[in-house]
Amino acid sequence: MSAAAWHGHAKDSPAYRRMLLALLFAGLATFAQLYSLQGVLTGLAGEFGVSPADAALSVSAATLGLALAVIPWSIAADRLGRRRTMTWAIGAAVGLGLLAALAPSFGALILLRFLEGVALGGVPATALVYLHEEVQQLHAAVAAGTYIAGTTLGGLSGRLVAGPVGDLLGWRAGVLTVSVLAGVAALAFVVLAPRPRGFRPAVRGSGPGVVRRLAENLRSTRQLALYAQGFLLMGGFVAVYNYLGFRLEAPPFLLPASLASLLFLAYLSGTATSRIAGGLSVRFGRLPVLVAAVPVILAGLAITLSASIPLVILGLVVFTGGFFAAHAIASGWIPVLATTGRAQASGLYNFAYYAGSSALGWVGGLFFGRYGWPGVAGFTGALALAAGVIAVVALRHAPGSRALPRTP
């Protein structure tokens with residue numbers, strides 16, 4: 001069957017289930033490595049004799065590499081194929097992650113982490129396009145939610161595995177353990193990912209060039225609206241997780257740092273809501289689910305203003321669930337709306353997503369320094385409201401904004 005006649009794997013078919021599991025493992029492998037250093041920054045700073053801010057560069061270097069690499073990886077995926085590109089990217093990242101655990105100096109570690117981020121960029125740049133080409137459109141949103149769920153589990157496991165192992169055996173052992181586990185997940189992806197049937201390679205000289213494919217997506221109001229979702233919502237999300245720990249370790253809470261690190265368990269709510277959001281979008285359409293996530297985010301932020309630790313944790317769980325529901329919808333909608341250069345469209349979303357993480361996550365610290373936690377909550381709430389308004393204005397008539405008719 002030709003790619004033009006290919007309509008995608010049907011829900012509950014063996015290939016569809018393999019696709020979901022493969023993308024779940026791809027998300028695990030990618031984001032466990034990306035954030036593993038965040039769980040061992042204290043040990044890293046002690047060994048190399050650097051400040052906490054400098055130690056945090058080991059995380060920033062990887063996210064910067066990822067942000068810069070998503071567009072080049074999307075171009076490679078148009079030529080080489082989605083599955084092959086993801087396989088090379090994950091394999092290279094695992095190798096660089098193992099080398100990072102053995103870095104002889106802090107400078108070498110930063111360089112290796114940057115290169116690791118460059119390698120990891122091949123997964124988010126390609127995964128949702130691969131999914132869109134290989135499963136039926138009616139079920140693509142649910143499948144996208146599964147991939148996003150894998151990213152939340154990866155981000156959580158990377159921190160929670162590296163931290164305790166690092167406390168016992170040193171930060172290098174913690175990072176090495178995460179890289180080995182990521183290697184197992186990468187192997188699972190390679191074994192499970194179905195053979196591509198909907199991919200048609202880009203041929204030099206035929207069809208629009210890379211610059212045109214990028215320009216077409218940057219001229220699309222609807223695509224820009226989705227990029228804004230990633231930029232604004234991820235920026236607020238990172239601000240919350242960056243500075244809530246500082247609040248809880250200070251009076252009146254005085255929570256030990258070891259317990260404050262367990263706040264990342266709130267990621268599990270995002271694992272659940274990513275899948276739930278995908279299912280709801282089939283029933284109600286993508287736009288209603290995306291917009292409904294905004295009041296959930298605002299409610300969670302409001303609850304975190306409480307002086308009670310259990311309520312703060314509850315608020316964080318609600319907030320995290322709302323964020324990942326919105327992210328699952330926005331990121332999965334990108335290839336649906338892209339008429340030219342789907343891989344580049346997804347790459348631009350990921351660039352905006354991680355640019356928001358770097359820029360707005362830092363700006364949130366200015367609000368924290370001046371106004372305390374209410375400043376961060378207010379700043380993040382304003383970003384969420386802006387994202388919701390943009391979505392309503394720009395996406396209300398977009399394909400996928402309403403539920404698709406069910407097939408018998």
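**Figure 1. Lining of the largest cavity in the predicted model.** The lining of the largest cavity comprises 13 nonpolar residues, six polar residues and no charged ones (nonpolar: Ala, Val, Leu, Ile, Met, Phe, Trp, Tyr, Cys and Pro; charged: Asp, Glu, Lys and Arg; polar: the others, Gly among them). The volume of this cavity is about 180 Å³, and 19 residues line it, with Phe31, Thr151, His327, Tyr353 and Tyr354 closest to its centre. Two or more lining residues come from each of helices H1 (14–35), H8 (137–169), H11 (221–249), H15 (309–337) and H16 (342–371). H8 gives the largest share, five residues. In total the structure has four cavities of 30 Å³ or more. A cavity is a set of points on a 1 Å grid over the protein atoms alone where a 1.4 Å probe fits but cannot get out, and lining residues have an atom within 4 Å of a point. Grid points are joined across faces, edges and corners, and the volume is the space filled by probe spheres set on them. Helices are DSSP runs (H or I, at least four residues), numbered from the N terminus.

**Figure 2. Packing of helices H4 and H6.** H4 (residues 57–80) packs on H6 (residues 106–120) at an angle of about 35 degrees, and their axes are 6 Å apart. Axes are lines fitted to C-alpha atoms over the stretch in contact, with angles from 0 to 180 degrees between N-to-C directions. The H4–H6 crossing is right-handed (the near helix is turned clockwise from the far one by less than a right angle). Contact residues include Leu57, Gly65 and Trp73 of H4 and Arg113, Phe114 and Gly117 of H6 (heavy atoms within 4.5 Å). The contact residues divide into 15 nonpolar, three polar and one charged.

**Figure 3. Salt bridge between Arg172 and Glu47.** The closest N and O atoms of this pair are 2.7 Å apart. Arg172 lies in H9 (residues 171–192) and Glu47 in H2 (residues 41–48), 125 residues apart in the chain. The structure holds three salt bridges (a side-chain nitrogen of Lys or Arg within 4 Å of a carboxyl oxygen of Asp or Glu).

Residues are numbered from 1 along each chain as its sequence is written, and side-chain values use heavy atoms, without hydrogens and water. In this predicted model, local features need pLDDT of at least 70 and side-chain atom pairs count only at pLDDT 80 or more, while totals for chains, interfaces and linings use all residues.

Technical notes. 1 Å grid on protein atoms, 1.4 Å probe; cavity = no way out; pocket = protein on both sides within 12 Å on 5 of 7 lines; lining within 4 Å.
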